[in-house]
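Keep the 3D view open while reading.

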Amino acid sequence: MQNSTEIVPFVLGAYGDIGHLKYLYFSIMLLWYLSICVANTVLIVVIYVDRRLHEPMYILLCNLFVNEIGGSTSLYPLMLSQMFSDTHEVTLPWCFLQMCCIYTSASVEFCSLAAMAYDRYVSICYPLHYNATMNSGRVMIIILLIWLYSFVNFIFSFSFVVSLKFCGNVIDKVFCDHHLVMKLACSVTILNNMSDLLFAFVTIVLPFSLISFSYMKILAVCLNTSKENKQKAITTCTPQIVSVSNMFVGCIFHFVDSRFDVAYVPAKVRVILSVYLLIGQPMFTPFMYGFKLPKIRQSCKRYLFDRK
């Protein structure tokens, strides 16, 4: 029985032998990663520069854009380096670091969407109390708590993995997956398995419950308000609802791929579905909010195209 420190590398088995296609895949992934960084950075800069966007909703959005860059950076550099590797090995510390970044980023994403849903709930349901409830200082505290909550969640779950002894080292994915790493352990206790489920509960279920509650309350208010207010609520809430739906679908893909035998699914489809969240969401977020929300769209036009 080998201790985890005695196994030198993990092997990311989902890469396989892609031959000369590695140059094409590398170019596509590099272009996509750079596009994610540019799109999110542009919106961060626009929100920072335009004082009219220094409002709670846009500060929370800025935090979301920062997280999209962080989440992408936890995946793409390793994937790009693996394109030209013959062994697809990753050392234990790097594997654990990637898990920390990816899962913390996922938690920050859900919690940020929950905070944004609460912001819209206060704005639409209690407009007279909005400025007192959601001021810039309070929003910064919320953002700090989101990151702290997400990091502590992962560290608690990770504490059950770091002490495990591993009898295998092949991870059937293109990145280090928490559940698949635990499956490589020589023995896994019920507590180890429960830690994985508990992390999913506090990362997905709790924020999703807050999001659902907020939008149910918003819907109830919108049913008894003017057409103009309904349209305003729809304009600001639609991107968030679509983002939450996209995240939920991505989590289902990840859950099914990690925990069930999907050998009948083509390998390339499995790879795409397993990284769907980290491929689609970081690009989906800036375009959905950047082009959908009028104030950000107008600021982008003014700073990027109308300056002489």
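A crossing is called right-handed if the near helix is turned clockwise from the far one by less than a right angle, and left-handed if anticlockwise. In this predicted model, the crossing of helices H2 and H6 is right-handed.

**The H2–H6 pair**

H2 covers residues 56-73 and H6 covers residues 136-158. They pack at an angle of about 25°, and their axes lie 9 Å apart. Angles under 35 degrees count as roughly parallel, so H2 and H6 are roughly parallel to each other.

H2 brings Pro56, Ile59, Leu60, Asn63 and Asn67 to the contact. H6 brings Ser136, Val139, Met140, Ile143 and Trp147. By type, the contact residues are seven nonpolar and three polar, with no charged ones.

Ser243 sits in helix H9, which spans residues 227-259. Their accessibilities are set out below.

| Residue | Relative accessible area | Class |
|---|---|---|
| Ser243 | 0% | buried |
| Phe156 | 42% | partly exposed |

Buried means under 20% relative accessible area, so Ser243, at 0%, is buried. Partly exposed runs between that cut-off and 50%. Phe156 is at 42% and therefore counts as partly exposed.

What is Ser243 in contact with, leaving aside its neighbours within four places in sequence? The partners are Leu113, Gln281, Phe284 and Tyr289.

For Phe156, take the distance to Glu68. The two residues are 88 residues apart along the chain. Their C-alpha atoms are separated by 23 Å.

Conventions:
Residues are numbered from 1 along each chain as its sequence is written. This is a predicted model: local features need pLDDT of at least 70, side-chain atom pairs count only at pLDDT 80 or more; totals for chains, interfaces and linings use all residues. Side-chain values use heavy atoms; hydrogens and water are left out. Helices (H or I, at least four residues) and strands (E, at least two) are DSSP runs, numbered from the N terminus. Buried means under 20% relative accessible area, exposed over 50%, partly exposed in between (1.4 Å probe, protein chains only). Contact means heavy atoms within 4.5 Å. Axes are lines fitted to C-alpha atoms, for helices over the stretch in contact, and angles run from 0 to 180 degrees between N-to-C directions. Angles under 35 degrees count as roughly parallel, over 145 as roughly antiparallel, 65 to 115 as roughly perpendicular and the rest as oblique. Ala, Val, Leu, Ile, Met, Phe, Trp, Tyr, Cys and Pro count as nonpolar, Asp, Glu, Lys and Arg as charged, and the others, Gly among them, as polar.
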